[in-house]
Amino acid sequence: MEVKKIQKQLFGTNGVRGIVGKDLTPELVLSIGEAFGTMSKGRIAVGRDTRTSGETLINAIKSGLLAVGCDVTDCGILPTPALQYLVKDQFDGGAMITASHNPPEYNGVKIIESDGTEMGDEETLKLEQRIFDRSYSPNSWEHVGKETIAHHLIEDYIAAIAKLFPDNPGKGITVVVDPGSGPACATTPQILTRMGCRVLTINGIMDGTFPGRLPEPSPEGLKGLAALVVSSGAAFGVAHDGDADRAVFIDENGQFVEENQEFALVADHICHQKKGVIVTPVSTSQMVEIVAKKNNCTVTYTPVGSIYVARTMRSLIEKGSPVIFGGEGNGGLIFPDHQFCRDGGMTAAMMVAILASHRQKLSTLLAQLPKRHMIKDKISATGGVTILKALKSAYSHGIIDETDGIKIFQGNSWALVRTSGTEPLIRIIIDAEDNAQGKALHNDIMEKIQNVT
Ligand code: MG
């Protein structure tokens, strides 16, 4: 099965994003609402993260949807996965006003299809075309939509996750949650409390100026969380990005857990319980493949981007494949028993379940994972396509994968080289057994790139 990326103009990998008042205006969001509403019809759920521009923009999207005749349910401030969960069960589509991990001056729109997944490339191209052509028209007075306010629906999402982990698995476990002043202030602490955990929070009050840390949960920004984990004797700390579809962790010693390790740890736990397929992009560390093999499971690779993972998971399941887990090595994990999108609250809950079942410290569990060494690099370069072609012929004697960019395998190491869709940039990821092998492959690739440029 092959999923190919299509370049879009307005929408990126995860929706439209831009600086508010500059690239992202109420007029643009209004036209997205009108175009999306014309395409999808029916009942549309909308929600937003905590950004200061959220109120302006949610009113713009609602206005567009209502004008073309959609009935709109405003779910208020909630994580993107919470809105996706509600759409999957109760609505014909959704629109989330969020800029995810971007700084406070940004905002954006993520469009959600009726199955709860983010809109795929082909539909997005149609939506873009409709926006460019202004191919929609507001209805007359008797055919405009109706608005319902339903901020209480967030409870359905909290209850759905808590129900998956019955019998108080969190009893005796202290967790520090850092929702980063985002919408998970209203969900992750509640989910973990219902699982029996003792929950402390930092940056736990919603605030669109993000006074405590930026929406990207970087090791630098999570120093406060790390300190509180250590001083409170917590089992772990969990932090979300600005719309809580991702979760990253701090171990009991205050150490940041690299996201590929997080992915491999959860994969290992799930592979112990069930046998089947794990779906992840070609950029994810080899750790997951080693873990899967050890447990008699397999890995299917996709282009980089959670939407490709989610859609591949769905289509494999439709073809009868037992897909047990998916996601990316950036804290965006997908649990098919729950829903087909990245879910930070669900990931936090899963970590509690993992610690409860193994009865070992998080750092001990991480130390048992296979050791890999990853190098991430980016270089500015125009003519990315030429560079990729040159690399392909230079390494043509070995194994090459072209799912996304070019992935070059050498012994137990690999290098992934991709061009950026939006900037004159080349991104390089090396995944090797040790530092020396990683550096050698990195040097080799750089040398070959320099020969072309
Ligand atoms: Mg996000």
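The charged end of K407 sits over the ring of W414, 4.1 Å from the ring centre. K407 also lies over the face of Y301, at 4.6 Å from the centre of that ring. The model described here is predicted.

- Strand 17 covers residues 406-410 and runs antiparallel to strand 16 (residues 399-401), with three bridges joining the two.
- I400 has I408 of strand 17 as its bridge partner.
- Four residues lie between the strands in the hairpin of strand 16 and strand 17, where G405 takes a positive phi near 65°.
- Strand 17 also pairs with strand 18 (residues 413-419), in the antiparallel sense and over five bridges.
- The hairpin of strand 17 and strand 18 has two residues between the strands, and G411 in the turn has a positive phi of about 60°.

**The magnesium site**

- Four residues coordinate the magnesium ion: S100 through OG, and D241, D243 and D245 each through OD, at 2.0 to 2.2 Å.
- Along the sequence, the donor residues follow the spacing S-x140-D-x1-D-x1-D.
- S100 and D241 link distant parts of the chain, being 141 residues apart.
- S100 is in the loop between strand 4 (93-97) and strand 5 (106-112), while D241 is in the loop between strand 9 (236-240) and strand 10 (247-250).
- Both S100 and D241 are buried.
- The relative accessibility of S100 is 3%, so this residue counts as buried.

- Four strands make up an open sheet in the order 8-7-9-10, and their pairing is mixed.
- Strand 8 (198-201) and strand 10 stand at the edges with a single partner strand each, so one side of each has no neighbour in the sheet.
- On average, neighbouring strands of this sheet are turned by 25° against each other, direction ignored.
- Strand 7 (residues 174-178) pairs with strand 9 in the parallel sense, over four bridges.
- D178 has A239 as its bridge partner in strand 9.
- Helix 11 (residues 344-358) lies across strand 7, strand 9 and strand 10, and runs at about 165° to strand 9.

**Aromatic pairs**

- A search of the whole structure finds four aromatic pairs.
- In the pair of F263 and F325, the ring centres are 4.9 Å apart and the planes stand at 25°; the pair counts as stacked because this angle is under 30 degrees.
- The pair links distant parts of the chain: F263 belongs to helix 8 (residues 259-273) and F325 to strand 13 (residues 323-327), 62 residues apart.
- F263 and F325 are both buried.
- F335 joins F263 and F325 in a cluster linked by ring pairs.

- Most residues other than glycine have a negative phi.
- S100, though not a glycine, has a positive phi of about 50°.
- N203 is not a glycine either, and its phi is positive at about 55°.
- N203 is found in the loop between strand 8 and helix 7 (223-232).
- At 19% relative accessibility, N203 counts as buried because the value is under 20%.

Conventions: Residues numbered from 1 in each chain as written. Predicted model: local features only at pLDDT ≥ 70, side-chain atom pairs only at ≥ 80, totals over all residues. Heavy atoms only, no water. Donors = N, O, S within 2.8 Å, 3.2 Å for Na, K, Ca; no water. Buried < 20%, exposed > 50% of the residue type's maximum accessible area, 1.4 Å probe, protein only. Phe/Tyr/Trp six-rings, centres within 6.5 Å; stacked < 30°, edge-to-face > 60°. Lys NZ or Arg CZ within 6 Å of the ring centre and 35° of its normal. Pairing = 2+ DSSP bridges. Axes fitted to C-alpha atoms, helices over the stretch in contact; angles between N-to-C directions. Contact = heavy atoms within 4.5 Å.
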